[in-house]
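Here is a protein model to read closely. The questions below ask what stands behind each label.

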Amino acid sequence: MPKKYARLHQRCQLVLDKLSVPRPFAIDTLCQELSAQRRRPLHLHPLPQQAARNNICGMWLATETDDHIFFEQRTSRVHQEHILLHEIGHMLFDHCGGDLSRGEASQTLLPDLSSQLAQRLLGRTSYTNRQEQEAEMLASLLRIRASPIAARTPHSALGRLEAALGTRAADEH
């Protein structure tokens, strides 16, 4: 494993280890737990169409009092959940906003939002910078940890391999 990838994985693992993953996993339950942990409401919203036209499929908006996650609804449920987990990754890492949180971009995407209200606005468009890579890796690791297969410990080498690949282990009953 390249050192850069290993360091990214380690950073994500440290954040993930502080998180209690609900069993059985439900995105709504996770959001409720995060809201309680952060002591602030977490709201989920459909992504404004203007954002989707700008190739954004998810955004995290932090105001002084609340968190808001916007996600693309014109996609599969699994993809929607991954978008939500990615934005949750930004929250857990406490990433700072980039260009979207400033002036024109935020007014174009969320015209009714006061620019003074938005403290952080992160839009999910690419994975070339560290923040996006961390959020994406955390989303993937969280999905793996939330998997029902991860809750079981297969006994044989074949069972462990099948569990790692996300298939049902032959030796589980």
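Q: Which residues touch the most other members of the largest nonpolar core?
A: Ile 27, Leu 30, Leu 85 and Ile 88 do, in a core of 29 residues. A nonpolar core is a set of buried Ala, Val, Leu, Ile, Met, Phe, Trp, Tyr and Cys residues joined through side-chain atoms within 4.5 Å. H1, H2, E2, E3, H4 and helix H6 (130-146) each give two or more residues to this core. Helices (H or I, at least four residues) and strands (E, at least two) are DSSP runs, numbered from the N terminus. Apart from this core lies another, of seven residues, among them Leu 47, Ala 51, Ile 56 and Phe 70.

Q: What kind of model is this, and which pLDDT is needed?
A: This is a predicted model: local features need pLDDT of at least 70, side-chain atom pairs count only at pLDDT 80 or more, and totals for chains, interfaces and linings use all residues. Residues are numbered from 1 along each chain as its sequence is written, and side-chain values use heavy atoms, with hydrogens and water left out.

Q: Which residues does Leu 30 touch, not counting residues up to four places away in sequence?
A: Leu 30 touches Leu 19, Ser 20, Pro 22, Phe 25, Leu 85, Ile 88 and Leu 142. Contact means heavy atoms within 4.5 Å.

Q: Why is Glu 72 called buried?
A: Buried means under 20% relative accessible area, exposed over 50%, partly exposed in between (1.4 Å probe, protein chains only). Glu 72 has 12%, so it is buried.

Q: Where is Glu 72, and what is it in contact with?
A: Glu 72 is in the loop between strand E3 (67-71) and helix H4 (77-93). Leaving aside neighbours within four places in sequence, Glu 72 is in contact with Leu 47, Ala 52, Cys 57, Gln 80 and Ile 83. A polar atom of its side chain also lies 2.8 Å from the backbone nitrogen of Arg 74.

Q: Why is Arg 39 called exposed?
A: Its relative accessibility is 79%, so Arg 39 counts as exposed. Arg 39 lies in the loop between H2 and strand E1 (42-46). Its phi is near 55°, a positive value in a residue other than glycine.

Q: Why does Asp 94 count as partly exposed?
A: Asp 94 has 40% relative accessibility, so it counts as partly exposed.

Q: How do you know that the span of H4 agrees with its 17 residues?
A: The expected span of a helix is 1.5 Å times one less than its number of residues. For H4 that gives 24 Å, and the end C-alpha atoms are 24 Å apart, so the two agree. H4 is also mostly covered, with 13 of its 17 residues buried.

Q: What makes strand E2 largely enclosed?
A: Five of the five residues of E2 (residues 58-62) are buried, so the rest of the structure largely encloses it. Gly 58, Trp 60 and Ala 62 lie on one side, Met 59 and Leu 61 on the other. In a regular strand the side chains alternate between the two faces of the sheet.

Q: In which sense do E2 and E3 pair?
A: They pair in the antiparallel sense, over five bridges. Two strands pair if DSSP finds at least two bridges between them. The two form a hairpin with four residues between them.

Q: How many disulfides are there?
A: The count comes to zero, where a disulfide is a pair of cysteine sulfur atoms within 2.5 Å. Cys 31 has 6% relative accessibility, so it counts as buried.

Key. Polar contact = N/O pair within 3.5 Å; in protein donor to acceptor, adjacent residues only side chain to side chain.
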